[in-house]
Amino acid sequence: MKRLLSGIKPTGQLTLGNYIGALRQFVKLQDELPDTEFFIFIADLHAITTPQDKGQLRHNIKSVAAVYMACGLDPGRVNLFIQSEIPEHVMLSYVMESTAYIGEMERMTQYKDKKGRQTEGIRTSLMTYPALMAADILLYDADIVPIGDDQKQHVELTRNLAIRFNNAHGQTFVVPEPFFPKTGARIKSLTEPDKKMDKSHDNPKSYILLLDDLNAVKNKIKSAVTDSEGTIRYDVKHKPGISNLLTIYASLADLSIKDLEKRYAESSYATFKADLAEIVVDTLRPIQERYHELIKHPLLDQVLDEGAKRAKEIARIKMLKVYKRLGLGRVK
Ligand code: TYM
């Protein structure tokens, strides 16, 4: 049976970018790939590459789990678990650090960006983070890894590390394939549409949170940056704002951008934005309702316990194999 794996870091609240680029794909693939086992996790160890408040982190971990289910992940179909509850992630991460070269880590654009924004106190783990991500994937022999565009480089590195390890020590890891959504692999900021939509940006008008107040969501869309041309046309270079809104619309409504251009050929930006606001609000409303039921429900812990049990089974066997391949300890 093939395996699919992906994760989300529980730092702050999730955005519409996370939904379109990742969460929505997981839910769709759940039905499209009936013969694939799913491993979807909360990447809490990745969160501590930057400072976190303990109480807030604890809340965010549960919150991401509830969002996963509120978006439609079926616990009967998916193994949902918390990364730090499976110590093998850290064990394999060290093996991956001992497979990767420093130059490879330093070349990762996410690391360079984040390092550029922070001047002091940059944690070592911010640089070694892709080794942990490679471990997350390789531990479960994942064949397919659905992600947004910003994680592409990390999965490419994972592939290289898997191949390097296999060549040096014999066939051990499956080389994973990344999977991107047809539209929406990189949802942009509503205020600076040349940048990615990201919860860490200072201006809350630049992003839509899945749990945002729905009136605020409408206002954010209405005030999204566009251009002075006045025609609804997809042109990322000259019209990044409208192109981003078209992408969001096309993804959520399952329509092609071409169809939307035709439909709105004679419309104003105001009409287009009002329709888009309705679509976003109609998407978020049921997610928010289910979220508020789930976040306090004991089912959430049961699902996470069961997911951890299955993940542990696989991870334990894989680590024994890796240690044996490397000649570590007394494993024969
Ligand atoms: P994270 O938590 O930053 O993002 C989670 C997922 O959301 C996607 N995403 C976006 N997609 C489209 N437009 C956007 N603006 C946008 N912002 C975020 C990301 O591409 C990602 O798929 N390192 C990962 C988490 C992780 C992981 C893994 C993923 C850890 N181990 C193993 C896959 C496999 C991260 O920080 O994602």
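Buried area is the accessible area (1.4 Å probe) that two parts lose on being put together, summed over both. The model is predicted: local features need pLDDT of at least 70, side-chain atom pairs count only at pLDDT 80 or more, and totals for chains, interfaces and linings use all residues. Residues are numbered from 1 along each chain as its sequence is written, and side-chain values use heavy atoms, with hydrogens and water left out.

**Exercise 1.** Find the domains and state how far apart their C-alpha centres lie.

*Solution.*
- Step 1: take the bounds from an automatic or database domain assignment. Domain 1 covers 2-185 + 297-326, and domain 2 covers 204-292.
- Step 2: compare the C-alpha centres of domain 1 and domain 2. They lie 29 Å apart.

**Exercise 2.** Describe the contact and the buried area between domain 1 and domain 2.

*Solution.*
- Step 1: count contacts (heavy atoms within 4.5 Å). Domain 1 gives 17 residues, touching 17 residues of domain 2.
- Step 2: take the area. About 1,500 Å² is buried between the two domains, with 69% from carbon and sulfur atoms.
- Step 3: find the main contributors in domain 1. Gln13, Leu16 and Ala70 lose the most area to domain 2, together 36% of what that side buries.

**Exercise 3.** How many salt bridges cross the interface of domain 1 and domain 2?

*Solution.*
- Step 1: apply the rule (a side-chain nitrogen of Lys or Arg within 4 Å of a carboxyl oxygen of Asp or Glu).
- Step 2: count. The rule finds 2 salt bridges across this interface.
- Step 3: inspect a pair. The side chains of arginine 24 and aspartate 254 form a salt bridge, 3.4 Å from N to O.
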